[in-house]
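Reader: Hi! I'm new to this one, could you walk me through it?
Author: Happy to, let's look at it together.
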Amino acid sequence: MQVFNFAKPLNFMRLKWAAVVLSAVLVLGSFASIAINGINWGLDFTGGTVIEVGFAKPADLVAVRQTLTNAGYEDAVVQLFGTSRDVLIRIPLRVDIAQAVVGDTVLQALNSQQAEAVTMRRVEFVGPSVGEELKQDGGLAMLMALLGILAYVAMRFEWRLSVGAVTALTHDVILTLGLFSVLQLEFDLTVLAAILALIGYSINDTIVVFDRIRESFRKLRETTVAETINDAITSTLNRTVITSLTTMLVLVVLFYMGGALIHGFATALLFGIAVGTYSSIYVASAIAEILGISREDMLPPPPVDKEGEGSEAL
Amino acid sequence: MLNKNPAWRYVLVIGMLLLALVYALPNLYPEDPALNISATRGGTVAEQTRSQLEQSFRAANIAAKSVVLEDGQIRARFNSTEDQLQAREIANQQLGANFVTALNLAPATPDWLSAIGATPMNLGLDLRGGVHFLLAVDMKAALDKNLNDLVQTFRADLREDKIRYRTVQADIGRGQVQVTFRSTEDLTAAEAALRKRDRELVFTTSSDNLTLLVGISEIRLKEIREYALEQNITIIRNRVNEIGVAEPLVQRQGADRIVVQLPGVQDTAQAKEILGATASLEFRLVDTEGDLGSALEGRVPPNSELYYSRDGRPVLLEKRIMLTGDHITGASSGYDEYSQPQVNIKLDAKGGTLLSAGTKNAIGRRMASVFIEYKPGTEIGADGNPVLVKQQEVINDATIQARLGRDFVITGINSPAEAQNLATLLRAGALIAPVQIIEERTIGPSLGKENIELGITAIQWGMAAVLLFMAVYYKAFGMVANIALVANLVLMVGMMSLIPGATLTLPGMAGIVLTVGMAVDANVLIFERIREELLEGRSVQQAIHHGYDRAFATIADSNITTLLVALVLFGIGTGPVKGFAVTLAIGILTSIFTAVVGTRLLVNLIWGGRRVQSLPI
C-alpha cells in the first residue's frame, strides 16, 4: 500500500509564488487579528484566580453568579468546563483584595450559599509579576529555539536553507497564534509548550525535505534547481504525509479523550502540524530557492588533505 | 549479500529492554494507603513505639499490612483508606504532640524490585493532587533592615570613637546611609574609622565635603540576599516537616523564589498559615531563687514563669525579657579553640546595648533562649481551620561568663549537629525578609485521579490507532515497527522511573501520546527508503542495508533539532511543562534507539539471513 506513487516528480515549485503570496496574506491576517482582537491570555499569563468546582447535579450558573456577586466578586466570569457539572470561575486580579485568599473565600461562599456542597477540583492563583515574567520567558524561549535551529541548520546544511527553515517555523508559530487570536481560544502555559513542541516537530519535516534536496543535488547532475527541489519533495512526500497523519491521529485522540485541560494543547498542535506540513514543503524550500540556492552550495566540501586537487574536482 | 546481526547487538538491545522493563514494573503495582510517623524537632522514634502502635492497631481490629521502622520514621501500610484514617486517629491519641502523622500513598513495590532501586515514576501534583506554592522573598525588606542596622551601628561606632556627627540617616531609595558632619575633619576621621571596622562598605563624599554616603558592596548585597533566601528555605522546610506531609518539596527557584509542594494537602488555608506563621525568640534570665518544685505544683513566683525545655525539663525563667530575637543579625555554628561546638551570635547595635545592660549585673547567672512559634493545633476553630497554638520552649540555657555585647558565643553544646540546629532556630527567631505567595495551585484528589485516567486512555487509544495504521500500511514491516513502538513505550516508562528528577505530569502524558505518533517517523523514513531502493532495482538485501544507512543521517539531523527545542522548553518551563519537556526528550532518545537499532535487528533476523525475492513492505 502506498499513498502516492508518481512516475515523475511533481512540479511543486511552479506554485511557489502563489504559496508565498498565500503565506504572506495569512501571516499579515494573523498579525492583524492579534493587533485587533489581541490574544486571550490565560491565567498563567494574566495573573488572577481560577477556581474549578464540581457539582453533584448539573450546575445552575445563574445561582453561582449570584452567590459570587453577593460575595463581592461582580467581575467573576463563570462558565461550564468540560461537563455540565463542572464550573470554572475566573476572578481577575484586583488591587483592593488580598489575592491569595480569593480561592478560599469563594469556596466558602459557594459552600454556604448553594443548596448542595461543591467539591473543590482545583484552585489556581497567579500573581501579576509571575504572568509578566512568563510572557517574557516564553518569548525568549521561542527566540532561543529558533536561533538554535538557525545555527544548527546553517552548520549542517547551508545558510539559505537555514533561513528558509526558520522562516517556515516562524510562519507556523505566527499562524497558530493567529488561529488562537481569531477564535479567541485561551492561550495558557500548555499552549506555549505546544507551540514550542510544534517548532520541534515542524523542523523535523523541513529537515527531511532538506536532506533529500542535498542528496538530489549530488545525485541529479543535469537538472535545474527547481527540478531538483521538486524531485526531493516528491520522493519524501509519502513520508511527510504518513508521519503527519500518524501524529494528527494521536492528536485527535488527545483532543477528544485528553480532557478539557489538554484541549488548547491539542488544538495548537493539530493546527500547527497541518500548517507545518505545508510550510516545510512550500515556505522553507521556496525561500531557499528564491534566495538562490545552487548545486555548488550543496556539494560536499573538498577533502582538506587534497588541497591542490580540490579545485580540479569541482 | 546478507544482512546479519553481530551478537553484541542482540545483547545490547535485549539488555536495554530487560533493564527498562524491570524498572518500569513498579508502575504496575497499586499503591497502599499508608501512615508516616516521625518525631518532631529532631527527636527519635524508638522500636518500642513501633511495637506499641502495632499492638494498638491489632487491638482496634485494624489489619495493617506492615508496620516498620525505616530511616527514623514508622511506616504503616493498610488495605483500605478507612483503616488508614482510623489508624491515624489511634496514632494521634497514643503518641501525642511529640510525633507527627502524615497520610500517604506508599508504592507497593515488591521487595526484589525495591532492592535494586526500582521505584514507580514520580507523579506531579496535577496527577496526585496537592498544593503548589511559589513564594517570593521580599529582598527589599532584607536590604532595608540591613540599612537600618547600619544606621544603628554607625551611631554607636562614631560615639565610641568620639567623632562628632550631625545626623545618620538611611536613604532607602538609594540603598545608602547618609552621615552628615559639621566639619570636613570629622568626615575624614569618620570615614577612616568606619572603613577600618567594615571593609565591605563603599564610601563616597558629597561635593561640600560634609556628607558621607555609605553604600553596601555588591558582594555584601549578594550575601544578604542569599542569607535571606536560605533562612526562609530553612524555616519553611522545618515547618513543613512538622505538619505531617509525606514527601514535601521545598526548593529554591532562581534568585529570590521558593517552590513549596505539598502532595495530598487540600486545605490551603492551613498550609498558608503554616508558611506565614511567625516565630520569635526571647532571651531571659533563669530564676535561680524561686523553688522549681513548688512552681511545678502551681505556686510560681510572681516575677517568674515556668517553661519547659525540648526534652521536657522544667525551667523557671524571669518574666523580664532581656532581649528579643529581632535584634539578631546572624547566628552560625562553629568551634571554639578546644574544638568544642559553639554558636556565634551577632546582634544589631541596639541589641548589643540592651544585652550589655542586661548582663552587666548578671555574670555567673544562667541565660535561657526561648523559642516561640505559632502552629496549627488539633483543635478546630469556628472558621473550620485549626486554631493556632502558641508553643514556647527553652532551646538553650547557658551561664553568662562575662558582660555580653554585640558579638557573643554560646558554648557547652553537646554536638556539632545540635549547634547547627540551635543556630538555625536562633536565626529563625527573626525572619529578616518576609515571603509572599505569588502563585498557588491546588489540585483536588478527584481531578488528579481523573487526569491520570484521561492520560492513560489517551495513550491507549493513540497507541491503538497508530499500531493499526502501521500494520495495514506496511504489513509485516509495519508489525516490526509496532514491536518497536511498544518497546519504545516500555523504555520511556523505564527511563522515567529510573531518572530521579523526572516527574510525570498531565502535559507529560500528552507528550507520551505525541511521542507515540512521532516515534513511527523514523521507521516511516526507513521503510519509504527501502521501498525506493527496491523500485530503483536493488536487491532485497542491498535495499535493506541502504535504506537503514541512508535514512539514519536524516533521522539524526531531524531529531537533534527537536531535542534542542525540548532543552529550551525544559529551561523555561515550570512544573507541568517541565514534565512535558522531559517526556519529549526521553521519547526522542528512546524512539531513535528502538526505531533504528531495534527494528534493524528484527528486520535482519527475519529477512536478512536468507535469500528472499521480495519484501512484505
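Author: What follows is a short chat about the chains and their contact, and the model is a predicted one.

Reader: Thanks! Let's start with chain B. How many helices and strands are in its secondary structure?
Author: Chain B has 16 helices and 22 strands.

Reader: And what size of box do its C-alpha atoms fill?
Author: Along the principal axes, the C-alpha atoms of chain B fill a box of roughly 105 × 80 × 50 Å. The radius of gyration of chain B is 33 Å, while a compact globule of 617 residues would come near 25 Å.

Reader: What share of the residues of chain B count as buried?
Author: That is 42% of the 617 residues.

Reader: You mentioned E21(B). Which strand of chain A is joined to it?
Author: Strand E4 (residues 119-126) of chain A is, through 5 bridges, and the two run antiparallel. As one example, A:Val126 has B:Glu439 as its bridge partner in E21(B).

Reader: Nice! Last one: how is chain A divided into domains?
Author: Domain 1 covers 12-40 + 130-298, and domain 2 covers 48-126. The centres of domain 1 and domain 2 of chain A, taken over C-alpha atoms, are separated by 40 Å.

How values were computed:
Residues are numbered from 1 along each chain as its sequence is written. Chains are lettered from A and ligands numbered from 1 in the order in which they are written. This is a predicted model: local features need pLDDT of at least 70, side-chain atom pairs count only at pLDDT 80 or more; totals for chains, interfaces and linings use all residues. Two strands pair if DSSP finds at least two bridges between them. Helices (H or I, at least four residues) and strands (E, at least two) are DSSP runs, numbered from the N terminus. Domain bounds come from an automatic or database domain assignment. The radius of gyration is taken over C-alpha atoms; the globule rule is 2.2 Å times the number of residues to the power 0.38. A residue is buried if 20 or more other C-beta atoms lie within 10 Å of its own, exposed if 12 or fewer, and partly exposed in between; C-beta atoms are placed from the backbone.
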